[in-house]
Each structure stands twice: as C-alpha cells, then as structure tokens.
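I opened my notebook to keep track of what I look up in this protein. Come along and check each entry with me.

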Amino acid sequence: MAKAKRSLQASAEGIRKAKQAFRCKGWTQEYLANEIGLDNRQLIWNFFTGKAVDRQVFHEICLVLGLKPEEIAQQSLGESMSLETIVENTLDIDTLVQKARFAHYEKIQAQCGTLHLLDISRPINLDDLYVEIDILEEVTSKRCLDITELQRLDYNNFDRFKLGNFNQQRISGLEAVTKYPKLMVLGKTGSGKTTFLQSIAVSCNQGKFKSDYLPIFISLKKLAENNCDSHQIILSKYIYQEFNDYGIPESEMMSIFSQGKALILLDALDELTDLESEQVIREIQSFSEKFYKNTIVITCRIAGKQYQFKGFTEVEIADFSKSQISNFADKWFLAVVKNSLWEGKAKASEFMQKLELPKNQQILDLATTPILLNLTCLIFQFLGDFPALRSELYKQALELLLVRWDEARGIKSDEIYRNLSLLHKIKLLCRVAATTFTQGDYFFPKTKIQLLIADYLRYLPNASRDLEVLELNSTAVLQAIEAQHGLLIEQGLDIYSFSHLTFQEYLTAREIVTVGNPHSLQQLVTHIGEKGWREVFLLAAEMMQPADDLLVLIKQQIDNLVFSNYKLQKFMIWLGEKIASIKVPYYPASVRAFYFTLALPPDYYLAYNQSLALSLDSRLAGKLAIDLALDMALIHALTVSLRMTTDIFCQRLSAIALALDLHYLLQDYPALQKSLQNLREELPSPQESRIALKGWWQENGEVWTSKLRNLMISDRQIGHDWQFDANDLQQLQQYWNANKLLLDCLNNASNVTSATIKSIEKNLLLVSHHKSVINLS
C-alpha cells in the first residue's frame with residue numbers, strides 16, 4: 001500500500017460539493033470550526049479555497065458535512081484513494097486503542113470503580129456490591145395493553161411482586177449492549193442506571209467485556225456544566241481535551257472514533273435543564289451520525305426526556321427478581337457492614353428469610369427497586385429486623401424518592417412542579433392513591449389521573465381556574481412525578497399505576513388518617529371483608545393517634561356481618577353459650593376461637609385451625625383442659641363416622657371403636673361414659689365377614705351416627721349440623737378474617753387506650769346478645 005500523504009486538498013468538483021453541503025447546513029465557518037474542535041476558521045478557509053489541509057482535519061470536515069473524503073480530495077495521477085487510506089495512521093488501530101486504554105485506565109477505575117450510597121459514609125467498591133441487572137426489550141410505557149383486562153384482575157389473589165414487569169421477557173444488561181450498539185437505557189428513579197453504566201465501563205476497562213474497545217464514561221450533567229460559559233456543547237471536543245491530558249492526541253482519538261472502537265457511555269440525560277438538554281441531544285445525535293461505527297449507551301429516567309435518538313434502540317431496566325435481591329443482600333451485608341464472610345452470609349440469609357414471610361410482602365415489593373433495597377438493608381442492619389411500625393419505613397422510602405435522591409444528585413425539578421411544596425406533593429399523591437384504591441383501580445387511564453391532579457391544583461392558593469391552564473399544568477405535574485420520583489409509572493400507552501402497590505396502600509391509609517373524620521373511617525370499615533384492604537387497615541391503625549375510634553368501628557362492622565346472616569347469628573349465639581357452660585383457665589377469646597373452628601364442617605379448610613386460638617393464649621399448646629380435650633375427641637369420633645362408607649367400614653371399624661374409647665377423659669362424666677359405651681357395644685364384631693360388616697353399616701350406619709351426634713349435642717352442646725351452604729361458609733370466612741384483622745390492628749396500633757384494648761380482647765368473636773333475636777331452643 002502506498003504511503004498516505006500527510007495533507008490533502010479539495011478538487012474543484014470537491015469544493016463545489018463541499019460548499020453546497022455547507023450552505024444546506026446553514027452554518028458559519030466559525031461554527032464549523034468549533035464543530036470539529038478548531039480554535040479558528042483559517043483551516044476551514046483553506047479547505048474551501050483548495051489549499052492543502054492536514055489529512056485528519058480534511059477528513060473531519062468531510063464527515064461533519066456528510067461527504068465522502070475520497071470524493072472531495074484532489075487525487076494525483078495513479079493514486080487510488082479510500083476512506084481507510086484517509087484515516088490510516090502510523091500506528092494500526094488495535095495499537096491505538098490499547099495505548100488509549102492504558103493511558104485512561106486509572107481514570108476509568110477512579111471514575112466508575114466505586115459507589116456512593118445514601119447514608120453510607122464511605123465509598124463501596126463497585127465489584128463488591130454490583131448485581132447484574134436485567135433488561136426489558138419492550139419499554140413498559142409503549143406496550144399496547146387493554147385497561148379493561150387489567151382492571152378485571154383479582155386483586156385479592158394476585159402476586160404484587162410480579163405487578164411491575166408482568167409478562168415481560170428479560171435479557172442481561174451486557175447482552176443488551178452487545179445486541180444493540182446504539183442503546184437508550186430507561187429506568188425508574190433509583191433503578192441502577194448509573195451503576196449499570198459504571199459496571200460496563202469497569203468491565204471493559206478490565207478486559208472482561210469488549211476488551212478491544214476504548215471505554216469512555218461521561219456524565220452529561222458535567223459535560224453541560226463544563227461548557228456553560230461557551231454557550232456551545234461539543235462532545236468530541238470534550239473527549240479530545242480529556243484524552244489530550246493523558247497524552248493521547250486528537251488525531252489518534254479521531255482514528256479510534258472513525259474505526260468505531262470506542263464504547264461511549266453517556267449518563268443521566270434526564271438530569272439536564274431544558275436548555276442544556278436541547279444542546280446535548282443535538283450534539284449526541286450529530287456525534288452518533290458522524291462516528292456511526294461506535295457503541296453508544298445513554299441512560300435516562302423513564303419519561304425524563306421525550307426525544308428519540310435516530311438509530312437508537314430503547315430498552316428498560318427491569319425490577320430486581322428475588323434472586324437478584326438475594327444476591328444484593330449477600331454482597332451488602334458483607335461489603336457495606338464489613339462483616340466477616342460467615343457473618344455477612346448469616347445476616348443476609350436472615351434478611352431474606354424474613355423478607356419472604358407473607359407478612360413482609362409489602363417490603364419485598366419495595367425491595368425490587370435497588371435504591372429502596374439499600375434503604376431496607378440499612379434499616380434491617382440497624383434494627384436487627386424490619387421495623388414494627390411499617391409506616392415509618394414507607395415514610396422514609398417516600399422521602400427518599402421525593403426529596404433526598406434528587407438533592408444528593410443536585411437535580412432541580414421543573415418550574416411548575418417546583419412551586420408545589422413537599423407537603424402539597426404528598427397530599428396530591430395521597431388524594432390520587434385514595435381515590436383510585438377506593439375505586440378498586442391499581443391501573444388507571446392517563447385522563448383520569450390528570451383530572452385528579454387538575455382538581456387538586458384548582459384549589460391551591462393563587463391557582464388558575466382556567467381549564468386549559470389546569471390541563472397543561474396537570475400534564476406537567478404527572479410527567480414530573482413519573483420522571484423525577486418514579487412514584488407513578490406508565491405501564492402501557494396512557495395506562496398508569498403506582499410504581500409499587502405498597503406506596504398506593506400507604507398513601508391511601510395516610511389520606512384516611514389525615515382526614516380523620518367519622519365519615520372517612522366509616523367508609524374504611526365497609527371494606528373489612530376485602531382482602532386487598534388488609535394493609536390499609538393495618539397502616540391506618542398504626543398511624544392514627546389514638547386508634548380507638550377506628551378499632552371500635554371495626555368491631556361494630558364485624559358484628560354487623562353476623563346480624564346479616566340468620567345461620568351465622570345462630571352459630572355465634574351457640575358459641576357464646578357453649579363457652580359460658582365450661583370453666584377453663586384460658587382467655588375467653590382463645591376458647592371461642594378454639595370452638596369456632598372445631599364446630600365447622602370437617603371438610604371445610606378452616607376446620608380444626610387453631611392458629612388464632614394459640615396466638616391468643618399459648619397455654620393451649622400444652623396439655624389441654626379436660627373439657628376442651630373431651631370435646632375435641634368427640635368431634636374427631638363424629639368426623640370419622642361421617643366420613644365412613646360401606647366399602648371401608650370393615651377396615652375402619654377399629655378406628656371408630658378406638659375414637660370412642662375416652663375413659664381417660666370421662667372420669668367426671670359417668671353418664672356420658674356409659675352412653676358412649678353403649679354405642680360402642682352396638683357396633684358389630686370385627687370378626688364378622690366383610691359382607692356382613694358392609695351390610696351392617698349400610699343398614700345401621702346413618703342411624704348410629706345420628707345417635708352419636710344427638711348424644712354430643714345433649715351432653716356437650718357440640719356436634720350440631722349447621723347446614724351451611726357456600727354463601728354461609730364464605731361469610732364465616734369473612735367474619736373469621738375480620739376478627740384476625742381486628743386483632744392485628746390492635747397489635748399494630750401505637751396509641752390505644754387500655755379501656756379499648758380490654759374491651760376488644762374481652763369481646764373478640766363474641767356477639768352482643770342485646771342485638772340478637774334468635775333463640776337456640
């Protein structure tokens with residue numbers, strides 16, 4: 001190959017083409033000089049007048065104007081000129097890249113090798129904490145979803161953990177960068193966008209990923225700040241200046257860019273002001289078109305900027321999975337707390353075990369976002385457990401997203417939204433949460449949320465009442481809440497939800513408590529039988545000061561569940577009379593819970609469930625009092641009889657006889673003992689033939705079982721056939737769950753008078769007799 005000339009000059013035809021392209025751009029020669037990083041326009045003038053120009057400058061001018069250098073340059077006789085010839089340097093490209101990598105290695109490590117976590121006083125090594133993120137190739141906000149289908153979801157039985165990225169396929173972050181050389185990575189507030197770019201830079205720097213590329217990490221906010229005085233942002237010039245400080249000349253960087261050997265990582269487009277954003281976006285687009293062979297990754301908050309870069313693929317950072325949460329916890333309790341390997345593993349294991357308990361599913365929901373997972377780990381480390389007052393954790397998480405995170409990064413909000421005080425922002429979010437949650441909407445159309453925001457803004461001091469202004473302002477506020485805090489997110493085209501169901505529940509409870517009037521509490525207790533409202537009840541009881549009014553209303557609403565059903569009322573009156581007939585050393589409420597489940601149909605899933613009874617009085621786990629043990633044994637015998645069939649009677653005859661052998665419990669009940677003995681003697685001998693035994697049960701089984709039931713009812717007041725249908729059992733289940741919820745609210749409440757505590761403990765699972773009109777006799 002012939003040695004390339006050090007300088008080039010434009011041919012007459014080349015000058016004509018160049019001037020035509022220059023006029024189409026509408027630039028001045030000074031602007032063109034700045035665009036390619038020249039201090040003055042002398043070389044630009046030389047280029048357009050056909051004078052010799054340094055080959056690198058010649059090449060740069062042509063690329064900026066969108067021209068092919070070989071078509072513009074004057075060629076000497078016999079010289080065959082190509083793009084590769086123009087950009088050829090005395091060093092081959094691989095050597096240039098390795099030279100630049102070596103010179104810039106320590107800068108990348110210092111720039112990207114550590115993390116700064118909120119409330120952690122020292123930097124943490126990236127490798128010690130980073131967990132590989134997953135990418136959603138379909139941006140959530142651009143999915144076409146049917147909101148009517150979403151609103152049909154059974155919110156009493158769905159997995160909140162999968163609410164964020166349901167029905168979405170994931171790929172790894174590095175796979176996405178490999179697959180898409182021009183990538184726009186979107187993510188919620190605190191989802192790990194910057195950390196992801198840092199990890200790419202470090203992996204490339206250390207030769208683990210794209211080892212033949214030059215990693216360049218740029219904070220777009222710093223890029224804009226460094227050029228604030230010049231009123232012009234030139235990305236290439238910024239990079240040239242930085243590498244020139246490390247001994248890499250501009251010509252060599254141009255060669256690397258021209259050959260597409262740079263991995264350019266541009267962080268936080270959303271952190272720019274509108275003016276800065278306009279300039280930076282234009283410059284990134286120009287740079288990517290000029291040096292189109294390079295890999296470029298940009299990060300931005302979801303809804304942070306609406307501009308779509310030509311040639312870029314938009315993807316989204318997925319919420320953490322349970323395995324990623326576990327991996328993060330393993331690293332956090334080792335690296336942040338400086339535990340030994342064994343101590344860190346043990347603490348992380350304890351953290352995950354408790355996080356996955358059903359009672360902590362709301363915290364697990366928050367932990368899918370890295371910034372909130374860090375907060376959760378920090379609180380768990382400090383307390384040794386998750387806080388008893390759950391609302392305090394949610395309050396801290398809300399404050400983190402609303403204020404502290406942007407303050408730590410020096411981000412200013414939009415003017416309209418900035419005029420809303422923190423208190424008004426919280427009140428607005430509470431209003432939106434309570435309205436949508438009460439209507440059963442976890443997903444809601446954009447128009448609905450805009451109307452709610454506009455309605456709130458309308459009544460602020462000095463607010464405009466003009467409908468068009470309110471509409472514009474509500475749109476701006478919605479975008480700010482989504483972009484700056486990630487508390488509301490677009491789950492599909494014009495379909496929104498809260499980023500975490502936990503926040504919607506907390507804000508709903510906060511609205512109810514803040515309003516605090518009898519009507520709001522009365523409206524709340526009407527949802528006592530709905531599983532989806534459980535967390536709202538618990539949070540409201542926790543935050544109310546005092547919580548007496550709420551607890552009393554819950555108890556009244558529970559009693560109303562009984563009075564609306566004849567058979568349920570009859571059942572509850574029997575329960576009260578049964579407990580009154582025995583004397584045992586346990587708390588009355590625990591004994592009522594014991595007999596409540598004991599008396600249910602044996603095939604019903606709640607039958608024999610003694611979890612509530614045991615939680616009310618742990619002594620029930622020991623040796624039972626004679627009365628309770630006897631009644632449990634008799635119910636067992638009746639259940640064995642009711643489940644008996646002619647086909648299995650010959651094998652199960654001994655089981656019936658054994659179930660009635662209760663002499664050890666009947667020393668104080670000789671009459672009952674005699675009656676049970678008589679029933680045993682009515683049973684056929686097990687020595688009889690299979691056919692005879694089958695015939696006996698077929699002929700006598702139903703009558704024999706009725707005798708047993710009648711004996712239990714007359715002597716022990718148990719064993720009734722309540723004849724509950726499916727609707728009755730559903731109401732029983734609601735009543736049971738409501739009482740458990742009342743007890744949980746009582747335990748959660750931080751401020752309750754002793755009189756209310758005693759009243760609820762005394763009357764749990766007990767119906768006021770003065771409201772009853774039923775007589776069991």
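Here are my entries, with the ground rules first.

**Ground rules.** I am working with a predicted model, where local features need pLDDT of at least 70, side-chain atom pairs count only at pLDDT 80 or more, and totals for chains, interfaces and linings use all residues. Residues are numbered from 1 along each chain as its sequence is written, and side-chain values use heavy atoms, with hydrogens and water left out. Helices (H or I, at least four residues) and strands (E, at least two) are DSSP runs, numbered from the N terminus.

**Entry: helix α15.** I looked up α15, residues 274-290, and found 17 residues. From first C-alpha to last, α15 reaches 24 Å, close to the 24 Å expected at 1.5 Å a residue; the expected span is 1.5 Å times one less than the number of residues. I noted buried residues in α15, including Val280, Ile284 and Phe287. Buried means under 20% relative accessible area, exposed over 50%, and partly exposed in between (1.4 Å probe, protein chains only).

**Entry: strand β11.** How many of the 5 residues of β11 are buried? I found 4, in a strand that spans residues 313-317. Next I checked its partners, remembering that two strands pair if DSSP finds at least two bridges between them. Strand β5 (residues 134-136) runs antiparallel to β11, joined by 2 bridges, and isoleucine 135 stands opposite isoleucine 317. Strand β7 (residues 182-187) pairs with β11 in the parallel sense over 4 bridges; there, leucine 183 has threonine 313 as its bridge partner.

**Entry: a three-stranded sheet.** I then found an open sheet in the order β12-β14-β13, with antiparallel pairing. Its edge strands are β12 (444-445) and β13 (488-492), each pairing on one side only. β13 meets β14 (residues 495-498) over 4 antiparallel bridges, and isoleucine 489 has serine 497 in β14 as its bridge partner.

**Entry: two buried residues.** Histidine 485 is in helix α24 (residues 467-485). Its relative accessible area is 2%, so I wrote it down as buried. A polar atom of the histidine 485 side chain lies 2.9 Å from the backbone oxygen of leucine 401. Leucine 507, in helix α25 (residues 501-515), has 0% relative accessibility and therefore counts as buried. The C-alpha atoms of leucine 507 and alanine 433 are separated by 5.9 Å, although these residues are 74 apart along the chain.

How values were computed: Polar contact = N/O pair within 3.5 Å; in protein donor to acceptor, adjacent residues only side chain to side chain.
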